[in-house]
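Here are my notes for your read-through. Please keep the model open beside them.

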Amino acid sequence: MRLQEEVYQAYKEHISSHMEENRKGALAAKTALEHSQLYWDGMLDKTIHIPKVFDEETIAHFEQIVSRAYQIFNKVIAEYRNNHEYRKLFPFSHELEELILLPVQYDSYLPILRMDLFYHEDSGEFRFCEINTDGTAAMLRDYELRKALVNNPAHQAIIRQYDLQPFELFDSWVDTFMSLYQAYPKKKDKPNVALVDFLENATLREFEEFVRHFQDAGINCEICDVRSLKYQNGELFSGQGNRIDAIYRRAVTADIIAHYDESSELLDAVRDDAVFIAGSFASQLIHTKWIFYVLHHAMTRAVLSDEENAFVKAHIPTTVEFSADYIALEEVIEKKDDYIIKPMDAYASKGTYASGREYTKEQWKDIISKLYGKKYICQQYCTQYLKDNIDFAWGDGNWHPYINMPGLYVYNGRFTGILMRSACEEKIINAHDNERTMPVFVVKSRKD
């Protein structure tokens, strides 16, 4: 038996033999979370009772996935920037194309991203769900959920038997960001850093945690709304009047394009190379869900090696635009269990996500007929990995199968940690609805 499965079974056995103790512990953890940084504006990230534990063999596999995918993504970006014909594969506006083609200030197109996978732990088989670059988030969840495990009797029993090690996602990003900044020709010895977003969309508690870690490293850092920035005399300033030397961009490109005129001060400063920004707008090529279509295209196959093309064929779901130019509506209606519909460029479960397996044929027809030709993609449905878990705090306190979806954080090409999301039974994970997040550990060994 694999060590990660051994640990899982130990959790399950403890819970099953101490149900009332674990129920009380879960309710105490819920109370702790309600007083944590995860409670914001009436919403709370929810969890289930067994955290996710991977062994070093699985972690090594994740590192291999990251390495191969990152190499492929960089080739796609380079081809886009160098090949005018290749750019036509992407449905981008002139304004967005201009931003993507701006010079990159450091030796990396993708300083930060998260790859969400349909990963089958038993076999190691996997398919990509989606890739987040702009605004990659949710680092705070693992951190706060881990702290709440002090209330979990099963976890307290397991850590006496096994060496479980967490990931660290804040200081490691500060280190990554500053190492990229060191390559910037206009770098300052003590830069002022701004964490920038449209603040109505921001996860502010997480932003504040990043600010603390920048400041603990001796780096001035503040949170700024994109619209508050002022570009004057070759320098960018925050709404508080502080000079900004470097930007950690959390504002997704889609939001910047939607607020293009209001973002002009930021964009002018970037165009003039008056401020360092991570990440560059080239990351949008990988962030858009349209990338799955492009990866299978003949023009991309010509750029990739045989091994890379085999990787794409095996692990990137077939994807087309959900419109008459690419696929017949009748086919998607008739073969509803084979497809999932997603907005072409959305995040945080915004927009309509629909899987044919969750609806009757008539319901499915009614939903997707309204989305046809409306900037959605149609994607091959991927069978998801299910594992039993139990939810005492928000659920019914019984064992149910849960989807397991690891999101692999990648800082400048290096696998750094995991966002582990789940949902009861085989349904689409919807943020702040059926979504559950599990803290993640690596089991190193049994304790003697």
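Is P103 buried or exposed? Keep that in mind for point 1. Remember too that this is a predicted model.

1. P103 is exposed, because its relative accessible area is 68% and the cut-off for exposed is over 50%. P103 sits in the loop between α5 (94-100) and β4 (112-119). Its C-alpha atom is 8.4 Å from that of R271, although the two residues are 168 apart along the chain.

2. Now the aromatic rings. The whole structure holds 30 aromatic pairs. One of them joins Y106 and F276: the ring centres are 5.4 Å apart and the planes meet at 50°, so this pair is tilted. Y106 is in the loop between α5 and β4, while F276 is in strand β13 (residues 276-278), so the pair links distant parts of the chain, 170 residues apart. Both Y106 and F276 are buried.

3. F322 and Y372 make an edge-to-face pair, with 4.9 Å between centres and 70° between planes. This pair also links distant parts of the chain, 50 residues apart. F322 counts as buried, because its relative accessibility is 1%. Y372 is partly exposed, at 22%.

4. Y106 and F276 also belong to one aromatic cluster, with members including W173, Y248 and Y411.

5. Two lysines lie over rings. The charged end of K12 is over W399, 5.2 Å from the ring centre. K387 is over the face of Y8, 4.3 Å from the ring centre.

6. Last, the second largest pocket. It contains about 290 Å³ of space. Its lining has seven nonpolar, two polar and two charged residues. Among them are F92, M344, D345 and K375.

Notes: Residues are numbered from 1 along each chain as its sequence is written. This is a predicted model: local features need pLDDT of at least 70, side-chain atom pairs count only at pLDDT 80 or more; totals for chains, interfaces and linings use all residues. Side-chain values use heavy atoms; hydrogens and water are left out. On a 1 Å grid over the protein atoms alone, a cavity is a set of points where a 1.4 Å probe fits but cannot get out, and a pocket is an open set with protein on both sides within 12 Å along at least five of seven lines; lining residues have an atom within 4 Å of a point. Grid points are joined across faces, edges and corners, and a volume is the space filled by probe spheres set on the points. Ala, Val, Leu, Ile, Met, Phe, Trp, Tyr, Cys and Pro count as nonpolar, Asp, Glu, Lys and Arg as charged, and the others, Gly among them, as polar. Helices (H or I, at least four residues) and strands (E, at least two) are DSSP runs, numbered from the N terminus. Buried means under 20% relative accessible area, exposed over 50%, partly exposed in between (1.4 Å probe, protein chains only). Rings of Phe, Tyr and Trp (its six-membered ring) pair if their centres lie within 6.5 Å; planes under 30 degrees apart count as stacked, over 60 as edge-to-face and the rest as tilted. A charge sits over a ring if NZ of Lys or CZ of Arg is within 6 Å of the ring centre and within 35 degrees of the ring normal.
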